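Thanks for coming. I have a few minutes on one model, so please look at the screen and I will go through it piece by piece.

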Amino acid sequence: MKRIKRRTLIGAFLSTIILWGGCQQLPTTSVHLDISQKPFERLSQYQFFVGEMKNLQPNERVLPYDLNSPLFSDYADKSRFVWMPEGSAASYREDRAFAFPVGAVLIKNFFYENQGNEDRQIVETRLLINRESGWDAMTYVWDDQQTEAYLNIVGDSKELVYNGQPFTYLVPNRNQCKSCHSYDGQMMPNGPKAHQLNKTFPYADGEMNQLDKWAANGYLVGYQSSEETPAAAQWDNPQSGSLHDRAMGYLDSNCGHCHNPHGPANTSGLNLTYNEPIGINMGVNKSPVATGKGSGGRRYSIVPGQPDASILVYRMEATDPGAMMPELGRQLVHQEGVALIKEWITGME
């Protein structure tokens, strides 16, 4: 990664901040959010983080979390947090993202780093806020000094270098967020599902299963125990599950948010969610409904034993916007992910 200039952050969390319509004294120990008001122009105004904001130290009730098999985003590292108003909780659902209360916020930071925080470059922070009218997506782009992030609804681009390879990192606009975060046409979170959250996380006060932590903190109701809850395999950890389970964990995060009966790609008839059984609906010997040049001249989504003849692999390796999958969120090819899916298809009978 290219290094960026640093400067000392002065006054990142002053008790007086500028709000819409004027000034107001706010406590620095609590999150500030009014879902009936317009989004803040600056990320620091929400007070999700304390201290130097670039350190992403969560404020009270801002709970970090991780996923078993996260979405690939041009090799960016991510840190995720959830916050809910006092006295509210998400309702457990086994087969899809939890039902979050009004006022809940999902926070996802995208960054690259070489050696700890001194070499960290945070590119953007995305928020999903559950308002009375439904989920609302917004993106905050960080400045070069890593002192503040500013609201951006039209999208942006950053020229970055990963492992010596220059590429253009694309920050999505507001409409592009909606194109992936969709369930039956309504905006919805993708990541916080039971099987993706069912793992141990190193919290500041000690390791604990994430679902147990959410329940203990009053953030989750209707949940029994992690032993009775399915857990997705970690795509890059052979100890976490079989090759098939790891491949399905990967496809669930990278493809399943669209390729499911309720997603934007439901008309394709291709379902790539975690528990989809091997068969034609998963793409085995399945002809595409309509792909154009996206098929790469191949006949079937998955050809058992022949990854290079499979449309699924072709689209994962493509960088042409008319052929690549996912359509948004990446410019680079995830070489390790492609290798996993190729190995999985090679072993199919």
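Val-141 has Tyr-150 in S11 as its bridge partner. Strand S11 covers residues 149–152 and runs antiparallel to S10, with four bridges joining them. Strands here are DSSP E runs of at least two residues, helices are H or I runs of at least four, and both are numbered from the N terminus. Two strands pair if DSSP finds at least two bridges between them. S10 and S11 make a hairpin with six residues between them, and Gln-146 in the turn has a positive phi of about 60°.

A word on the source. This is a predicted model, where local features need pLDDT of at least 70 and side-chain atom pairs count only at pLDDT 80 or more, while totals for chains, interfaces and linings use all residues. Residues are numbered from 1 along each chain as its sequence is written, and side-chain values use heavy atoms, with hydrogens and water left out.

Next, the core. A nonpolar core is a set of buried Ala, Val, Leu, Ile, Met, Phe, Trp, Tyr and Cys residues joined through side-chain atoms within 4.5 Å. Buried means under 20% relative accessible area, exposed means over 50%, and partly exposed is in between, with a 1.4 Å probe and protein chains only. The largest nonpolar core has 47 residues, and Phe-48, Phe-98, Phe-100, Leu-127 and Trp-214 touch the most other members. Elements that each supply at least two residues of this core include strand S9 (121–131), strand S10 (134–142) and helix H3 (210–216). S10 gives the most, with five residues.

What does Phe-100 touch, leaving out residues up to four places away in sequence? With contact meaning heavy atoms within 4.5 Å, its partners include Val-82, Leu-106, Asn-130, Trp-135 and Trp-214. Apart from this core lies another, of 36 residues, among them Leu-270, Leu-272, Tyr-274 and Leu-340.

Asn-130 sits in strand S9. Is Asn-130 buried or exposed? Asn-130 counts as buried because its relative accessibility is 7%. Its side chain reaches the backbone oxygen of Pro-101 at 3.1 Å. Not counting residues up to four places away in sequence, Asn-130 also touches Ile-35, Gly-103 and Trp-135, among others.

Last, Ala-215, which is found in helix H3. Ala-215 is partly exposed, because its relative accessible area is 32%. The C-alpha atoms of Ala-215 and Tyr-92 are separated by 9.8 Å, and the two residues are 123 residues apart along the chain. Beyond four places in sequence, Ala-215 touches Leu-220 and Tyr-223.

Key. A polar contact is a pair of N or O atoms within 3.5 Å; within protein, one must be able to donate a hydrogen and the other to accept it, and residues adjacent in sequence count only if both atoms are side-chain atoms.
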